[in-house]
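This report describes selected ring contacts and strand pairings. The sequence and structure are shown below.

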Amino acid sequence: MLLRFDPFRDFDRLASEALGTARTPQMMPMDCYRSGDAYFLHFDLPGVDPESVDVTAENSTLTVRATRTRIAPEGAQYLISERGTGTYSRQLVLGDGLSLDSVAAHYRDGVLTVMVPVAEHAKPRRIEVGRETSDHKILQG
């Protein structure tokens, strides 16, 4: 079993309890992989209202923002508050070989999936190899 030691975790918890403030939201976890001619990014955003999710692509930067609000009624007194609330944001710098005009996204079951296709000019292509004759001319075909 692997145990991770975080010396700031307890400090954050104690400061939150002493100051009465909610914990700072952590960065949204993400998986990214390539399948065929597209990259797929999956962001864990449980409890986020789909209307608060915002995905933008500008100057080779993909930005994902989402907001999770508290669900307790006004005036409720929390005994434990471990679920982060507030605005989550993540920016990714994308390479030139991606088609930012064709990015698609959908949110389902607490997971935001963003599909970023590979640009046509960046896709692998087969190059025909010609044959030389004895007089060093390249033959077609």
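## Aromatic pair

The model is predicted.

The structure contains one aromatic pair. Its members are Y33 and F40, whose rings are stacked, with 5.6 Å from centre to centre and 20 degrees between the planes.

## Charge over a ring

A further ring contact involves an arginine. R70 is placed over the face of Y78, and the distance to the ring centre is 4.7 Å.

## Strand β7 and its partners

Strand β7 spans residues 111-117 and is mostly covered, with five of its seven residues buried. Strand β2, comprising residues 38-44, runs antiparallel to β7, and seven bridges join the two. Within this pairing, D44 has V111 of β7 as its bridge partner.

Strand β6, formed by residues 104-108, is also antiparallel to β7, and five bridges connect these strands. H106 lies opposite T113, a residue of β7.

## The β6–β7 hairpin

Strands β6 and β7 form a hairpin with two residues between the strands. In this hairpin, D109 adopts a positive phi near 50 degrees.

Key:
Residues are numbered from 1 along each chain as its sequence is written. This is a predicted model: local features need pLDDT of at least 70, side-chain atom pairs count only at pLDDT 80 or more; totals for chains, interfaces and linings use all residues. Side-chain values use heavy atoms; hydrogens and water are left out. Rings of Phe, Tyr and Trp (its six-membered ring) pair if their centres lie within 6.5 Å; planes under 30 degrees apart count as stacked, over 60 as edge-to-face and the rest as tilted. A charge sits over a ring if NZ of Lys or CZ of Arg is within 6 Å of the ring centre and within 35 degrees of the ring normal. Buried means under 20% relative accessible area, exposed over 50%, partly exposed in between (1.4 Å probe, protein chains only). Helices (H or I, at least four residues) and strands (E, at least two) are DSSP runs, numbered from the N terminus. Two strands pair if DSSP finds at least two bridges between them.
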